[in-house]
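Dear colleague,

I am passing on to you the structure that we spoke about, with the sequence alongside. My notes on it follow below.

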Amino acid sequence: MSTCLKILVLHGPNLNLLGTREPEIYGTATLADIEIHLIELAAQSEAEVMNFQSNCEGELIDKIHETKEEIQGILLNPAALTHTSVALRDALMATDLPVVEVHLSNTYQRETFRHHSFISDIAVGVICGFGPSSYLLGLQGLLEYLRGE
Ligand code: DQA
């Protein structure tokens, strides 16, 4: 029987507006919809997710510091902080935990400033472009990675 893995799911700035924010890019699913699907997938996979969204870089970093001893991995949509935050990268590196980076949109089809990520090269995997399914694929990948599958 596999052990119950605890995963911290972090959602960066403006993702609280999903559902109404630029729906032509991000779709109409709300953050609550995404969180419910993640909780369901985790339950089916004998895992547990802790969802946390913040518009503040420091609050996301504090959450990593606060939870790092009780979790086994991090699923992260850093949103705009992807392209700007050395501090978030450093916080992730300080944990030694596996990180999977996800994006709803395919950032490589968008403005060039979205093509660079401060997170991708320290992540075990990156998934982008599949809308809310990016999160589910990312969680599945992270759990398989942790279980050595
Ligand atoms: C995003 C892509 C980022 O470039 C953007 O700043 C976001 C959302 C995505 O999920 O597609 O806020 O991370």
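How many helices and how many strands are there in the protein? There are five helices and five strands, where helices (H or I, at least four residues) and strands (E, at least two) are DSSP runs, numbered from the N terminus. Please keep in mind that this is a predicted model, in which local features need pLDDT of at least 70 and side-chain atom pairs count only at pLDDT 80 or more, while totals for chains, interfaces and linings use all residues. Residues are numbered from 1 along each chain as its sequence is written, and side-chain values use heavy atoms, with hydrogens and water left out.

From the N terminus on, the order of the elements is β-α-α-β-α-β-α-β-β-α, and the C-alpha trace spans about 45 × 30 × 25 Å along its principal axes.

Turning to the ligand, the residues that surround it are Arg21, Tyr26, Asn77, Ala79, Ala80, His83, His103, Leu104, Ser105, Thr107, Arg110 and Arg114, a residue being counted if one of its heavy atoms lies within 4 Å. The protein covers 99% of the 330 Å² of accessible area that the ligand has on its own, as given by the Shrake-Rupley method with a 1.4 Å probe.

Best wishes
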